[in-house]
Amino acid sequence: MDRLKIGVLGGTFNPIHNGHLLLAESARDRLGLDKVLFIPTGNNPLKTTDWDIDANLRYEMTKRGIDGNEFFEVSDIEIKREGYTYTIDTLEELEKIYPGDEIYFIVGADIVFEIDSWKRADEVLRKINLVTTFRPGYDQDRLDRRVEELREFYGARILKLFAPEMDISSSEIRSRVKHGYSIRYLLPRSVETYIYEKELYR
Ligand SMILES: Nc1ncnc2c1ncn2[C@@H]1O[C@H](COP(=O)(O)OP(=O)(O)OP(=O)(O)O)[C@@H](O)[C@H]1O
Ligand SMILES: O=C(O)c1ccc[n+]([C@@H]2O[C@H](COP(=O)([O-])O)[C@@H](O)[C@H]2O)c1
């Protein structure tokens, strides 16, 4: 039987937005992925934010955000875990759920610059195909050099995805809600409604 190609997009998703969705859909389309798993992070060791909200709310928003795309799924494997969540543990769990299948870990440019500070980064990079795209604000030459470094140093398998760029971030959305500005068209309507219903980011 053919190996499945499983895309994984890990993120804080605080909240999920159209930049995440376009990134995932572009990767699915270009690489012929069988599905994309959106995995909201539990407790990210590298991210401290004043905007912490319950992981279940981030999970709920993610679920609403991907609704309608039959290739997209949300997974609670990280939010169920105690303590800090590390990608290496997630990959080991995924290997049990999808034995023999191929993992395509999808990231924006910011992650390419931090990935070697992750726990057991060398093993992470051996287990995955890293799919990276550009994010507004990142210099293309710098990103290319970084990709080469990771290839040479870790033997990383890295695929560069040319997808339309969207200058949207969760932090911008949180800030807009706080200041009473519109967030319409930056994220799915169902997520926008949820944010107002639950009075998030005020
Ligand atoms: N607009 C975007 N274009 C491309 N990749 C993106 C975009 N926004 C987020 N990503 C990528 O999606 C993944 C998850 O991102 P995350 O949930 O941290 O969102 P974020 O918008 O970066 O959040 P924040 O503004 O709170 O830091 C990361 O790999 C990140 O690089
Ligand atoms: O494994 C690690 O050490 C590690 C440290 C920081 C972030 N990550 C992963 O990086 C992905 C993007 O995270 P974030 O919070 O920047 O959206 C997500 O899948 C996290 O679990 C992983």
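The model is predicted, so local features need pLDDT of at least 70 and side-chain atom pairs count only at pLDDT 80 or more, while totals for chains, interfaces and linings use all residues. Residues are numbered from 1 along each chain as its sequence is written, and chains are lettered from A and ligands numbered from 1 in the order in which they are written.

Let us begin with ligand 1. Around it stand 18 residues, with G11, G19, G108, S170 and S171 the closest; a residue counts here if its C-beta atom, placed from the backbone, lies within 6 Å of the molecule. Helices are DSSP runs of H or I with at least four residues, and strands are runs of E with at least two, numbered from the N terminus. At least two shell residues come from each of helix 1 (18-31), helix 4 (109-114) and helix 7 (170-178). Helix 1 gives the largest share, 3 residues.

I turn to ligand 2. Its surroundings hold 16 residues, the closest being G10, G11, Y86, T87 and W118. Strand 1 (5-11) and helix 3 (87-97) each contribute at least two residues to this shell.

Finally, where does L46 lie? L46 is found in the loop between strand 2 (35-40) and helix 2 (55-66). L46 counts as exposed because it has 10 C-beta neighbours inside 10 Å; the exposed class takes 12 or fewer other C-beta atoms within 10 Å, C-beta atoms being placed from the backbone. The C-alpha atoms of L46 and W118 are 8.6 Å apart, although the two residues are separated by 72 residues along the chain.

How values were computed. A residue is buried if 20 or more other C-beta atoms lie within 10 Å of its own, exposed if 12 or fewer, and partly exposed in between; C-beta atoms are placed from the backbone.
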